[in-house]
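Reader: I have a sequence and a model to go through. Please take me through the main features one at a time.

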Amino acid sequence: MAKTFGNLFPRICSLENLYEAARKARKRKTRQECVERFELHRERFLRQLRDELASGTWRPSGYRTFRIYDPRERLISAAPYRDRVVHHALCNVIQPLVERRFVADTFSCRKGKGTGAARERCRLYTNRYPYVLKCDIRKFFQSVDHDALMAKLARTIRCRPTLQLCSAVVESSCDDEVPPVTFPGDTARALAGKRRGLPIGNLTSQIWGNLYLDRIDHLVKETWRAPGYARYTDDFLIWGTDKTDLWTIRERIAEELIDERLLLHDRKTRVLQCSEGVPFLGFRFFPGRAPRVLGEAKRRFEKRTRRQVSRWDRSDTQAQEIRTSIAGWCAFARYGNVRGLFTGYRARGFGLTG
């Protein structure tokens, strides 16, 4: 039986933890007006947060929502900065406890297990096995069931105030844009009362997304004994030596996901030959060769840069923003084989120079 942890709440709402949470929340966001306003009266605001948390009166504020197209349309929900400090304070305490359950091949929002580590795992297994099952879950964050998530959290956390704080954050968002899916045993009344969806912009959503699929990870690794495995949020790969075995695992995953009220994306879930290239986290991986940047990633970069340059008003500030954007993409792309790509960009005079 998995170990559970109690008496966590005093650590969550301690001033020491809240100061650390504020430090993490403002990282790379020091120029934002809301951050500057909070930092100007940081001590007073943190004491207010501590008192609200300790008395149980803290409630999440409304989200600011906007859409991005990267490459498909996504609805992003951004919490107010004050709430983001609380999210960090909560995650500082519960994340190490929740992660004790995770398998080594679960990546995303984990120390030492970011995109770089996930790509290296993909490169390793693509060199080792001839076939891969690529799985993707349909509308994952929008479909996470609140009751099921809280039940999973309760298997690790037995501190009632901490669970109540988690519940307040979970219930602060409900995604109604995606029509509900009916699963076996559902009634009209039960379906009407179902709340689901996690805000894509929340730190807590990344951690809880990992926890939500943790049971599937253990099935793949420990019960079905898949030779190679890597999962980054809802995008996961299973390597093997036999196509038939991988298709069997695909059907088993689809059946198990029904219990989690999730569905596989039919078009994006398929068995591939590794020699054809394995798409994962912006790159296409090949056995024995350096990965290549995916075409859609290149097109997004080129479109964004052309738009930035066309709107450039020749100010130094805007020029620096464009240079920073290009430098960030180049740092990402250099993981793969980009010699020909960069040569083509220079020949076309693409981007901002000078």
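Reader: How far apart are the end C-alpha atoms of helix H5 (residues 81–99), and what should the 19 residues span?

Author: This is a predicted model, where local features need pLDDT of at least 70, side-chain atom pairs count only at pLDDT 80 or more, and totals for chains, interfaces and linings use all residues. Residues are numbered from 1 along each chain as its sequence is written, and side-chain values use heavy atoms, with hydrogens and water left out. Helices (H or I, at least four residues) and strands (E, at least two) are DSSP runs, numbered from the N terminus. The expected span is 1.5 Å times one less than the number of residues, so H5 should span 27 Å, and its end C-alpha atoms agree with that at 25 Å apart.

Reader: Where in H5 does a kink lie?

Author: The bend at a residue is the angle between axes fitted to the seven residues ending there and the seven starting there. In H5 a kink of about 40° comes shortly before the proline Pro 96, at Asn 92.

Reader: How many of the 19 residues of H5 are buried?

Author: Buried means under 20% relative accessible area, exposed over 50%, and partly exposed in between (1.4 Å probe, protein chains only). H5 is largely enclosed by the rest of the structure, because its buried residues number 17 of the 19.

Reader: Is Asn 7 buried or exposed?

Author: Asn 7 lies in the segment before helix H1 (9–12). It has a positive phi of about 55° although it is not a glycine. Most residues other than glycine have a negative phi. With 61% relative accessibility, Asn 7 counts as exposed.

Reader: What is the relative accessibility of Lys 139?

Author: Lys 139 sits in the loop between strand S4 (131–136) and helix H7 (140–143). Its phi is positive, about 50°, although Lys 139 is not a glycine. Lys 139 counts as partly exposed, because its relative accessibility is 41%.

Reader: Which strands stand at the edges of the open sheet of 5 strands?

Author: Two strands pair if DSSP finds at least two bridges between them. The order is S3-S5-S6-S4-S7, with mixed pairing. Each edge strand has a single partner, so one side of each is left without a neighbour in the sheet: these are S3 (106–107) and S7 (270–273).

Reader: In S7, what is the bridge partner of Leu 133?

Author: S4 and S7 run antiparallel, joined by 4 bridges. In S7, Leu 133 has as its bridge partner Val 271.

Reader: What angle does the direction of helix H13 (residues 243–259) make with that of S4?

Author: H13 packs on the sheet, touching S4, S6 and S7. Contact means heavy atoms within 4.5 Å. Axes are lines fitted to C-alpha atoms, for helices over the stretch in contact, and angles run from 0 to 180 degrees between N-to-C directions. For H13 and S4 the angle is about 15°.

Reader: What is the radius of gyration of the chain?

Author: The chain has 16 helices and 10 strands. The radius is taken over C-alpha atoms, and the globule rule is 2.2 Å times the number of residues to the power 0.38. That rule gives 20 Å for 354 residues, and the chain's value is close to it, so the chain is as compact as a globular protein of that length, at 22 Å.
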